[in-house]
Amino acid sequence: MTRKIKGILTLMGSVFLLLQNAFSQNHTKLNFLFVLVDDLGYMDVGCNNPETFYETPNIDQLAEQGVRFTNAYAASPVCSPTRVSILSGKYPSRLATTNYFGAPQPETWNRNTPLLPASYVEHLPEDEFTLAEALQEAGYPTFFTGKWHLGQAGCWPENHGFDINKGGWTAGGPYGGNKYFSPYGNPRLEDGPEGEHLPDRLATETIQFIEDNADKPFLAYLSFYSVHTPLMGRKDLVEKYRKKKDSLSFSGPKWGHEGSRRLRMVQDHEIYASMVEAVDLAIGRVLDRLDELDIANNTVVIFFSDNGGLSTSEGHPTSNLPLRAGKGWLYEGGIRVPLIIKWPLSVKGGIREKTPVISNDFYPTILEMAGLTQKPGQYIDGVSLISLLKQEEIPDREALFWHYPHYGNQGGKPGAAVRKGNFKLIEYFGEDTVELYDLNDDVGESKDLSSLMPEKVDELKFILHNWLDETNARFPSKNIEFDPNSP
């Protein structure tokens, strides 16, 4: 055999091995890392806002490696309902889990408001077959760490499909012990060395789980307590941003109003900035470990926030401009959130996708990625995003919906909303008023078109009311003790 023929055969063998390796990688069961940040605004990350005061290099790099969604939505402007939607694939309205768990029910309501808020279910229903249970049943080790806030004892992560729970319990924030620093006073998370920082600890727990399960497909659900109040940061990072703030000059007003609430219009809160960076650093540690273990190419990473940034209450730590309002409101600042999905070997990076998507979509998307199907008779509101990730077609659905029949701590009031195409309609209960916006031309929702486009209002109201009926939505009731002359 000549040297030339041997060379050709060697080259062909190399090509075959490369193709075989690529084929095996594409047909190996995937790992899933789901990263959920609490209260992180759409404009808080550099990939969405190059002018942000905060520094998020690891999140920005993730966006370069995956698909960044510019019209991604949480199913609610507050945390618990969105978290239910992720794990169930259903709209909160369908399960009556429409408020943050622990909020007052109508029978204990003591605010002077025209309406009594709707009653709601205060836990992730026991009979929901969660995303974690679906993967657990398929043989995936499942892990949860961080904020849960989906019910009392008996409704914690270990009761809903997670083999391991590090830190998830009833509370919606790190309110025990030294809060964001050890000792934590968390019954599901052992204290670390005094002064240990919670975001870093959650990353460490995630890394340990990944190391223990690097040879098998897994689900790691990293759910940060950050950047929820209380506003606390590492001293070195707080000082870094204090100096950065002093070195900058901001033009224009720093404060405005949304309704009766004061609204932050400039990102310059040094403590909040330190909290955002601490999350980014923790995410970077986990992503680096995936690379070091040589499993990054077989791991789908999803990065998301449970609602918009907090801008009208509780320290007013961030600004969502040009998006209107923030957490607790049905405006874009309260429900539009950052979303990045990295799917190595299947989807090229650096893509910006503008199709509207919502948190219900993660369940069917991950099921399809894992090669699993829904249980017979199981209903899911979300749609799989796989075709969209591959830039093949837009998911087939009529509209996106929100139902928040409550008064938010941040100033929002009971209402529902629908987005179809570029148009978004918000209807407020008990007021017989609607607002209509064209988000393509007016992302800040400053120009109410309802009086100019009555036919569009009628169309969207019809769609919204049908959806509310179909999901058996609960509504507020008249407050007979309301006194319009009292504050």
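Q: Let's begin with a term: a polar contact is a pair of N or O atoms within 3.5 Å; within protein, one must be able to donate a hydrogen and the other to accept it, and residues adjacent in sequence count only if both atoms are side-chain atoms. With which side chain does the side chain of asparagine 165 make a polar contact?
A: The model is predicted: local features need pLDDT of at least 70, side-chain atom pairs count only at pLDDT 80 or more, and totals for chains, interfaces and linings use all residues. Residues are numbered from 1 along each chain as its sequence is written, and side-chain values use heavy atoms, with hydrogens and water left out. A polar atom of the asparagine 165 side chain lies 2.8 Å from the backbone oxygen of glycine 168. The side-chain partner, at 2.8 Å, is glutamate 158.

Q: Is asparagine 165 buried or exposed?
A: Asparagine 165 sits in strand E6 (residues 164-166); helices (H or I, at least four residues) and strands (E, at least two) are DSSP runs, numbered from the N terminus. Beyond its neighbours within four places in sequence, asparagine 165 is in contact with Phe144, Pro157, Glu158 and Arg188, where contact means heavy atoms within 4.5 Å. Buried means under 20% relative accessible area, exposed over 50%, and partly exposed in between (1.4 Å probe, protein chains only). At 8%, asparagine 165 is buried.

Q: Which residue forms a salt bridge with glutamate 158?
A: A salt bridge is a side-chain nitrogen of Lys or Arg within 4 Å of a carboxyl oxygen of Asp or Glu. Glutamate 158 is in the loop between strand E5 (142-146) and E6, and its partner is in the loop between E6 and helix H6 (198-212), 30 residues apart. Glutamate 158 is partly exposed at 32%. With the closest N and O atoms 2.9 Å apart, the partner is arginine 188.

Q: How many residues apart are aspartate 39 and lysine 327?
A: These two form a salt bridge, with the closest N and O atoms 3.1 Å apart, and both are buried. Aspartate 39 lies in the loop between strand E1 (31-37) and H2, while lysine 327 lies in the loop between E10 and helix H9 (332-335). The pair links distant parts of the chain, and the separation is 288 residues.

Q: Which residue meets lysine 90 in a salt bridge?
A: Lysine 90 is in the loop between helix H3 (79-88) and helix H4 (92-95), and its partner is in the loop between strand E4 (115-116) and helix H5 (131-137), so the pair ties together parts that are 38 residues apart in sequence. Both members of the pair are buried. At 3.1 Å from N to O, the partner is glutamate 128.

Q: How many salt bridges does the structure hold?
A: Side chains of opposite charge can pair when their charged atoms come close. Here Asp38, Arg83, Lys147 and Asp306 are linked in a network of salt bridges. For the structure, the count is 32.

Q: Which residue of E11 stands opposite arginine 68?
A: Two strands pair if DSSP finds at least two bridges between them. Strand E2 (residues 67-69) runs antiparallel to E11, joined by three bridges, and strand E10 (residues 299-305) pairs with E11 in the antiparallel sense over four bridges. Both faces of E11 (residues 339-342) are covered, with Leu339 and Ile341 buried on one side and Ile340 and Lys342 buried on the other. Arginine 68 stands opposite isoleucine 340.

Q: Within what arc do the buried residues of H2 fall?
A: Helix H2 (residues 57-65) has the buried residues Asn58, Ile59, Leu62 and Ala63. They line one face of the helix, because seen down its axis they share an arc (taken from the directions from the helix axis to the C-beta atoms) of limited extent: 150°.

Q: What is omega for the cis peptide bond that joins serine 226 and valine 227?
A: Valine 227 is placed in the loop between strand E7 (219-223) and helix H7 (235-247). Proline 230 lies in the loop between E7 and H7 too, and the peptide bond to proline 230 from threonine 229 is cis. For serine 226 and valine 227, omega is about 5°.
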